[in-house]
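Good morning, colleagues. Please take a moment to look at the sequence and the structure on the screen.

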Amino acid sequence: ISDQKPLGCWSLKHGQILTCPVVCNFETHEFIAVHDDKVLRIWKNEDINLDKAFKATLSADVYRIHSLPEGGPVVLFRGGGVRTLDVLLEAPQQEIENLISDEVIRWSGAFMEGQQPVLIFTTEKDGDFFVYVQKPKLSSLHKYKLEQQESHKPLCFTAHITNQTVTLLCLYSNISVYQVLIPLQQDTEEEEEEEILSKSLLLNFSVPGTVLKGTSLVVLDKDHVAVLGSLDVPGKEPRECLSIWNTKFQTLQTSKELPLGTSGQLWCYEEKFFLIHGKVLTVIMYKCETSSLAAAVGKLKDSQNPDVSSFMNWNTLEDEELVVSLQSQEPVALKAESRMNLRSRRSTVAKVQPETLSVGQLLLNLKDASAYVLETELRQLMSKAPTPDLQATIGCVVTALTDRCKRNPKYYPQNFLLEIVETRNLSYSLCPDLMAVALEKKDMHLLQLCLERFPDIPEEMTYTCLKTFLSISEAHLQNIDVNVDSVICYIDVEFDNKEVKTEIVENGFSAEMDQDMCDTKIPKESQSRSDGESCPVGLQKAALLNAVLHSAYTETFLLPHLKNLPAQQAILFLRYLYYLYVKCSEKVNTTLPGIRSPTINQIMDWMCLLLDAHFTVMVMLPEAKELLSNLHKFVRAQVRFYSELNKIEGSLRELQRLNHLRESQTYSIEVLEII
C-alpha cells in the first residue's frame, strides 16, 4: 500500500465471476477463490495463469471462505453446511447438508476458541433472524432465534468471543446497537428446539428524523465500536461518515464526514481502519486507551479533531497537519495515516511521540528562515533523529525543502538535495514532490539518482522522466553534470564527443551470413546508421535513459503512458535499446560492463513494451522501417544461433563426460562422431 505498487494480479476467463471474497491461507501462503459459486481455485503468489491453478468443483454453492491464522480456512456453504478446507479437498464432490432450508445467510464470521475454530452466521426468513454457532472439527451445531424488534430490523452484525461466550452485536435500523450473549455449549448434539436469544441495548445514537443506511459495524475493544454509514435526512443529501463511539458511557468519541462516498465496507486490522473513500483506499490509524468518564465527556467538546485523508493526498506537511494534537489521555485518537508515516512505521502502534510533534513544530518555525539557517537546522535535525523515525524525519526535511522551492522559485538547494538522496535510504513515498520539483528545475542529475534509488516511483512519473530525457537537446546536456558510470565502459567517446565506431562481432550474427534473411534491401549508408553499430544518443543522454531502464514498473500501468510518447521519441528510444541489445550480444555472458549498467532482461522488457505501445505507428513510419527490419534480422539470427547450439548441446555434454572419465597423460588423437 505504501509503495502504491501492485504485487500480483490474476484474471478469470471471460464469463467467469468471483462469487465470494478471495482469502489467504496463512499456513500455506496460498490464495483461495471461488468462482461461479462452486469452482474452487487455489494458487500461490508466483503463479501467473489462473487456468493452470488447482481447480476443484464442489457439490454445493459456497457462501464465504474464512481464513484463520491458526485454524486454517473454513468454508461456509449457502445451505449452512461447514467444512474445513482440508476435509473438503479430500473429497470435493462430497455431499453437503442443507441446514437452513429457505433461510438466507446475512452475515458470517470465524473465530478461534482455544484450538478449535468456531463459525457463526446469521440468517433471515420471513422477517425472522436466526443465529447458528458451529464447531466444524467437533461437528457441533447450535441454532438460536433472535428476539424480534418491532418495526426495526438488523442492518449488520459483528461478534467476538471472550471466556467461552460469543458476544454478538447487532446494529438495527433505529440506529441502535444491541448486544446478544451466547454461551459456547460443550455438547456435540444438535438442539431439538431453537432457543430464543434476548438482546440488551448497548448503544443508542439515533437522531430524530434520520435513517441509517449502508452501514458497517466494527468492534475496537470492550468499550469502543466504529460505525461507517450514511444518515439519510429528509430534504437533504445523505451524509456518509465514520464515527467511533464509547459504549460504556454512550458518547461519541470522534467522527468525520466522507464527502466522496464509500463502498459501505469497513475493515479493521492492527489498529488501522481500511475503507474505500471515493476511488482510493484510505487507511486511518486509531488508538484506544482506557475508557474514563472525564475523557469521554471531554472528547465531546471536539468531535471533529481528526481529519480523514487518503494516500493520494501527499501534502503531509500542511500547517494544520503539523500542529494537530492527539493527547495521550484521550480514550480514542483517530489519525489519518499519511503514506510517509505508514512506510516507515508499518509495524508500530499508532501512538503520538513527542519527537514527532517537535519535528513538525521545528519545520513550522523554520518556514520563513533564511536558506543558510534552514539547511543548517535541517542537517542537525537529520543527524539527531532517533532511529525508529529516521526515515519519516528525513522525508519531512525533504518535503520542507520542496515546499520552499514551490513558494520561492529562486530557491533551489540542489547540492543539499543530492546529498540527501545519495546518502539516505529514501523512497518516492517519503518525498513525493521531490521529483516534480526536479523536473520543473530541469535537474537531470537529481532525477537520475531518484530513478536509480527509489523503489516505488509511479509509472506516470517514470514516463514523464523518459519523455523529458528524450526531448532535451544533446547540446544542453553537455553542460549538465550527469553520472556516466553506467555507459562509459561500452560507449567509446573521442575528444569531440563523437562515438568511435568499432567493429562488432555478434554472437552468431554477421551481415554476410544473413543477407538472405530478409527481402528488404537496405542501402549501406543508412544501414551504418541504424544497424546498432553506432549509439544514437550522446553519453549523457544514454546515462539518463539507463536510469529509466533501472526504474521498477508494472506493465499494466506503464503501457497507457508509453502510448502517449511522440513517435520520433519512441523511435529514438527503440534505436538506443537496439544498440544496447547488440552490445549485450557481443559478450558471452550478455552483460554490459560498468556500474549500474542495464541488464539484458531490462533491455528486452523495455523493447517489448515500446513495440507493444507503438507498433502500429512504427509500421506506418518510413523512418522506422529500417530499424524494425534490422531488429527483426538480428533477433532471428540470434534465435537461429541458439537453436544450433541446442542441437549440439547433448554432444558437448557427452564430450565433457568422456574427458572427465579418461584423462590420459600420453599424447593421443581421438575421433568423436557426432550424429
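Predicted model: local features only at pLDDT ≥ 70, side-chain atom pairs only at ≥ 80, totals over all residues.

Residues are numbered from 1 along each chain as its sequence is written, and side-chain values use heavy atoms, with hydrogens and water left out.

Let us begin with Lys199, in the loop between strand E15 (195–197) and strand E16 (200–204); strands are DSSP runs of at least two residues, and helices, H or I, of at least four, numbered from the N terminus. Lys199 is buried but has no salt bridge. Buried means under 20% relative accessible area, with a 1.4 Å probe and protein chains only; a salt bridge places a side-chain nitrogen of Lys or Arg within 4 Å of a carboxyl oxygen of Asp or Glu. The nearest side chain of opposite charge, Glu147, is 4.3 Å away. The backbone oxygen of Glu147, however, lies 2.8 Å from a polar atom of the Lys199 side chain.

The second residue is Glu240, in strand E19 (residues 239–246). Why does Glu240 count as buried? Because its relative accessibility is 18%. Glu240 and Thr262 are 22 residues apart in sequence, yet 7.4 Å apart in space, C-alpha to C-alpha.

Finally, the axes of helix H11 (residues 459–471) and helix H16 (residues 567–586) come within 10 Å and cross at roughly 90°; axes are lines fitted to C-alpha atoms over the stretch in contact, with angles from 0 to 180 degrees between N-to-C directions.

Methods: Buried < 20%, exposed > 50% of the residue type's maximum accessible area, 1.4 Å probe, protein only. Lys, Arg positive; Asp, Glu negative; His and termini not counted. Polar contact = N/O pair within 3.5 Å; in protein donor to acceptor, adjacent residues only side chain to side chain.
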